[in-house]
Amino acid sequence: MDLLTIPKEILFHILGFLDHHDILTVLSLSSSLTHLYNDEDFWHALVLTHNITYRIDNTTWRDLYTSNETLKMCPHLQLSHRDNLQRQPKRQWDEDTDRLLCLEPSCCSELGNAAESSYYSNRNHDALHHRIALKLDQCQFLTVWCSACQTCLGKTKTEQYLVHQIIQSLPFLDDPTFVRRRKEFEIRLLMANGTYIIDRAWFLAWTAYLRDANNEYPGVLDNSKLYREDGRLRSDIKLGEHFELIGQQALSYIIRVYRLVGNDPVSSLELQHQAEYCQVYHSLLLRQQMLYHRRYRGHPILVLSE
Ligand SMILES: [Zn+2]
Ligand SMILES: [Zn+2]
């Protein structure tokens, strides 16, 4: 039987039951289906079977489907969560308490006025219809939460992309009171010990942003100078000269608020038993000794408090 005699919708539905490896195999084996490999409508239809409606700019639906991310993404997060925020006028932030703000478009009038602990027990704000919310508390500042998946979103690259866009669309993002609260949170992240290797120039721009009143944004984190063309970390980089270390919580904050392009940061713990990186690791030990002997003087973190 020629598979193309089956209606397109039914064919796409059947193929949707296969995993992405099997689909690629089927497309390569059947001459009547090979053309689907370059058919974005086909890949879009497969992505939609997982209720995912967005992808990263300048990527294809095929990229998204074959990355296998669709299986791990929250199906409740939609472009409308971002678009609704973008339509709202800029406003002031006058809250000093922890907040959980509903991001559902049907609920926009309540944005900024939600009660926290009784949030979902409120009949008008049940977890079934008001799933996507922004957390603004002491531990999870600026995280996007799904009450149906019971998780903070941003586990895949595509989810991280939309979470970043949602945060950048918040109507109170530039309000001075909000910026002050945000900087307090970021300084705590900066001060925490960490093992993740990030570009020192970006790190210094970040500390300058947190210290200065002129609010010059550090921009997107790009670690590409720390990597070779083959994608591996360079072995000639040094702590304090080419890179600095941040913790896991700081890293996920940076990814969702500032965004990361290129290589995922490596943890220095992964390097300690690799001979190629003994010089890199040596620079970490030197820093530890310096901190111990100089009682932390000279560390860029302390520039903040001087
Ligand atoms: Zn969800
Ligand atoms: Zn709501």
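These exercises, each with a worked solution, walk through parts of one predicted model.

Residues are numbered from 1 along each chain as its sequence is written, and chains are lettered from A and ligands numbered from 1 in the order in which they are written. Because the model is predicted, local features need pLDDT of at least 70 and side-chain atom pairs count only at pLDDT 80 or more, while totals for chains, interfaces and linings use all residues.

**Exercise 1. The whole chain**

Task: Find how many helices and strands the protein chain has, and what share of its residues is buried.

Solution: 
- Start with the elements. Helices (H or I, at least four residues) and strands (E, at least two) are DSSP runs, numbered from the N terminus. The protein chain has 10 helices and 8 strands.
- Next, burial. A residue is buried if 20 or more other C-beta atoms lie within 10 Å of its own, exposed if 12 or fewer, and partly exposed in between; C-beta atoms are placed from the backbone. Of the 306 residues in the protein chain, 25% are buried.
- Then contacts. Two residues are in contact if their C-beta atoms, placed from the backbone, lie within 7 Å. Take the contacts between residues at least 6 apart in sequence: 63% of them join residues at least 24 apart.

**Exercise 2. Helix α6**

Task: Describe the span of α6, its buried residues and what covers them.

Solution: 
- Helix α6 covers residues 157-168, which is 12 residues. The distance from its first C-alpha to its last is 17 Å, close to the 16 Å expected at 1.5 Å a residue. The expected span is 1.5 Å times one less than the number of residues.
- The buried residues of α6 are Thr158, Glu159, Leu162, Val163, His164 and Ile166.
- An α-helix has 3.6 residues a turn, so residues three or four places apart point the same way.
- The cover over these buried residues includes α4 (61-66), α5 (79-87), β3 (141-146) and α9 (248-257).

**Exercise 3. α6 against α9**

Task: Work out how the axes of α6 and α9 cross, and which residues make the contact.

Solution: 
- Axes are lines fitted to C-alpha atoms, for helices over the stretch in contact, and angles run from 0 to 180 degrees between N-to-C directions.
- The two axes come within 7 Å and cross at roughly 70 degrees. That makes α6 roughly perpendicular to α9. (Under 35 degrees counts as roughly parallel, over 145 as roughly antiparallel, 65 to 115 as roughly perpendicular and the rest as oblique.)
- From α6, the contact uses Gln160, Val163, His164 and Ile167; from α9, Ile255, Arg256 and Val257.
- Sort them: 4 are nonpolar, 2 polar and 1 charged. (Ala, Val, Leu, Ile, Met, Phe, Trp, Tyr, Cys and Pro count as nonpolar, Asp, Glu, Lys and Arg as charged, and the others, Gly among them, as polar.)

**Exercise 4. The sheet**

Solution: 
- Two strands pair if DSSP finds at least two bridges between them.
- β1 and β2 (residues 132-136) pair over 4 bridges. Leu100 stands opposite Lys135 in β2.
- β2 and β3 are joined by 5 bridges. Leu134 has Val144 of β3 as its bridge partner. These two strands form a hairpin with 4 residues between them.
- β3 and β4 are joined by 2 bridges. Cys146 has Thr151 of β4 as its bridge partner. This is also a hairpin with 4 residues between the strands, and Gln150 in the turn has a positive phi of about 55 degrees.
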